Amino acid sequence: MPSVALDSKNLKSFVASTLKQAERVRGPVKDKTGTVLADLSAKSELAFDFANFKLPIKREFFPQCEVISRFDATGSRAESPADEAVVIFGVRPCDTLSLSFLDKVFVDEQYSDPYYQKRRDNTLVVSMACNSPAATCFCTSIGGSPNSTKGSDVMMFNLGNSFVLESVSKKGEAFLKKNQKMFRDPTPKELQKRKQQEEAAEKQVGKVNASATPASLLKKNDSALWDEIAETCLSCGACTFLCPTCHCFDFYDEKQGDGGTRVRVHDACMFATFTREASGHNPRGLKRDRMRQRIMHKFSYAAENFNEMFCVGCGRCIVNCPSNIDIRETITKVNA
Amino acid sequence: MSATINPYVPARVQIEKVTLENDEKDLKTFRFAFCDKQDEAKFNHECGQFAMLSIAGVGEIPIGIASSPLDKGYVEFTVKRYPTGLVTSALHDMSEGDIIGLRGPLGNSFPLESLKGKNILIVGGGFAFTTLRATIRYLLSDGIRNQYKNITILYGARSPGELLYKAELEAWQKRSDITTIVTVDKGDYAWKGRVGLVPVVLKEIAPSAADAVCIVCGPPIMLKFTMPPLMELGFSPNNILTSLERKMTCGVGKCGRCNVGSKYVCKDGPVFPYSKIKEFEDRGL
């Protein structure tokens, strides 16, 4: 399907029309903390002047905390995410790219995660190309781009007075077809502007020399580098919780009387308890081992298992690390 | 993406029998029967696999399956109680008739099918003997034993009271179609058997490595000192199979904690050839 155009003044009615087609429509709106992803109503004012959401998109499919089963004296029963169609607007290309990675982890031939899979199946992702990447962005160095469509269903370009939309997946194509009354053909001028914006954004993104990282890491197994990088780490886990590709989790049981719930929560490889066994043995007992694990998992093990580096260059870990550990510097050191 | 079964929800199993295994009273073998016949039919394990034992309200632990795939109608696990282990403690406090959950079977297995026609050496130490016991029970079954050549078992524990499956050990020692050598680090007044550490006894009995594969499970310290004599006997790192243990949550390669390098012990293991373990060690993992 060729590109279509939507005038900005019709955005609200497009959202209103989407609200009739899906149980839930999510999109970027302003609140006290900045721009957040929230449930939209026909009256919502969408905000597109933001670099990225503070929280990664993984939480829409793999929530920080979710009940996976309920138990009582008669046994355990699986919980299932709601049977609802969801549309998410305004997802940045780095975040949609992370979904393509998480798909490889959570959905495979042998075992699939039914919770993630159901939410993925039920959700249509409309991504928004970046016009003004942040200072901490480095997606182009790591296989992404401010205009990358991987993991997305529909790609949107914000041209100021109008938007250009393109379907990426079959699901996206059906969605655009269903709403075709809202759209018109884009003018040649619009298409030209889109191209100019794409090129300008690509140029704006910061650069790191990252492509050799998987190969370099094979030589850095027991390097003193890990002591150096881990030295200032507080083991708070902020980098992993805010990382769109980190997917480690734990189960814990909440007992209420004779029954209760088994809850899945995000967990982090930066915590000593993550691998500590009942016997007291801990295969990753030192902070340097855990730092190495995090970097190795992203840039070496993922490359080996999935032929991808599990980093999308969103820069969240850089912005939010309380001791200013910068993954771009880590990548540079690894490749030095 | 199609609908799939939920790998996180346990089947219900009832404790049929609890056997206290050792003098320290911290090792018990639990025999479970499935509450639902459908779950039983779906549970087809191979020697070397593990399962998650799931106690609602407490948690889950990965434990190697100690019964043979041919032991029908039940499945057994030998569990060590750790005072700091929530699930092992809760399980040890349970008794016959109690119901828990079981998820599995999980992981890979000893490649017994491809070892047909070979000599098999099984070396075990301490309470890491559980999946080896499953393997021995299987290999000694009618119709299976004759598919393999010589089977030699070397099993050691700290003291006579810490040996697992004492009655079975005695029965195996009486059989003429296997060689069973049991040793303890330190004997007691009643012990008439062999005394000596597993690696030392291994050198003494010196089983032939010709057309043979060794399956070895034990505490890390035993493994460390058992590998050199095995290689001196002529076993190549590819012909030594061992099993790893790690803390696990999901058991299906997603939760991210049981990896050694790029391999998940739950999904790519727990069984690895020693050549792979050496590779992990060489990389400092």
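Leaving aside its neighbours within four places in sequence, which residues is A:Val263 in contact with? In this predicted model, A:Val263 is in contact with A:Cys65, A:Glu66, A:Val67, A:Phe251, A:Tyr252 and A:Glu254 once those neighbours are set aside. Contact between two residues requires C-beta atoms, placed from the backbone, to lie within 7 Å. A:Val263 is found in strand β11 of chain A; helices (H or I, at least four residues) and strands (E, at least two) are DSSP runs, numbered from the N terminus. With 16 other C-beta atoms within 10 Å, A:Val263 is partly exposed. A residue is buried if 20 or more other C-beta atoms lie within 10 Å of its own, exposed if 12 or fewer, and partly exposed in between, the C-beta atoms being placed from the backbone. A:Leu176 lies 87 residues from A:Val263 in sequence and 37 Å from it in space, C-alpha to C-alpha.

As the model is predicted, local features need pLDDT of at least 70 and side-chain atom pairs count only at pLDDT 80 or more, while totals for chains, interfaces and linings use all residues. Residues are numbered from 1 along each chain as its sequence is written, and chains are lettered from A and ligands numbered from 1 in the order in which they are written.

Strand β11 of chain A belongs to an open sheet of four strands, ordered β5-β4-β11-β10 (chain A), in which the pairing is antiparallel. Two strands pair if DSSP finds at least two bridges between them. Each of β5 and β10 of chain A stands at an edge with a single partner strand, so one side of each is left without a neighbour in the sheet. From one strand to the next the twist averages 30 degrees; axes are lines fitted to C-alpha atoms, for helices over the stretch in contact, and angles run from 0 to 180 degrees between N-to-C directions. Eight bridges connect β10(A) with strand β11 (residues 259-266) of chain A in the antiparallel sense, and A:Gln256 has A:Gly259 as its bridge partner in β11(A). On the β5 side, β4(A) and β5(A) run antiparallel and are joined by four bridges. These two strands, β4(A) and β5(A), form a hairpin with two residues between them, and A:Arg70 stands opposite A:Arg77 in β5(A).

A second open sheet of chain A has seven strands in the order β1-β9-β8-β7-β6-β2-β3, with mixed pairing. Its edge strands, β1 (4-7) and β3 (34-39) of chain A, each pair on one side only. Neighbouring strands of this sheet are turned against each other by 25 degrees on average, direction ignored. Within the sheet, strand β2 (residues 24-31) and strand β6 (residues 86-91) of chain A run parallel and are joined by three bridges; A:Val25 has A:Val87 as its bridge partner in β6(A). Helix α5 (residues 188-204) of chain A lies across β1, β8 (154-158) and β9 (162-167) of chain A, at about 80 degrees to β9(A).

Chain A is assigned domain 1 (4-204) and domain 2 (213-335), where bounds come from an automatic or database domain assignment. The centres of these two domains of chain A, taken over C-alpha atoms, are separated by 26 Å. Their contact takes 32 residues from domain 1 of chain A and 27 residues from domain 2 of chain A. On the domain 1 side, β4 and α2 of chain A are the elements that give two or more residues. That side of domain 1 of chain A has 18 nonpolar, eight polar and six charged residues; Ala, Val, Leu, Ile, Met, Phe, Trp, Tyr, Cys and Pro count as nonpolar, Asp, Glu, Lys and Arg as charged, and the others, Gly among them, as polar.

For chain B, the assignment gives domain 1 (11-106) and domain 2 (112-243), with 24 Å between their centres, taken over C-alpha atoms. The contact takes 17 residues from domain 1 of chain B and 14 residues from domain 2 of chain B. Helix α3 (residues 130-139) of chain B has nine of its 10 residues buried, so it is largely enclosed by the rest of the structure.

Between the chains, 38 residues of chain A are in contact with 33 residues of chain B. Elements of chain A that each supply at least two residues to this side include β4 (65-72), β5 (75-78) and α9 (287-306). The most comes from β10(A), with five residues. By class, the side of chain A that touches chain B has 16 nonpolar, 12 polar and 10 charged residues.
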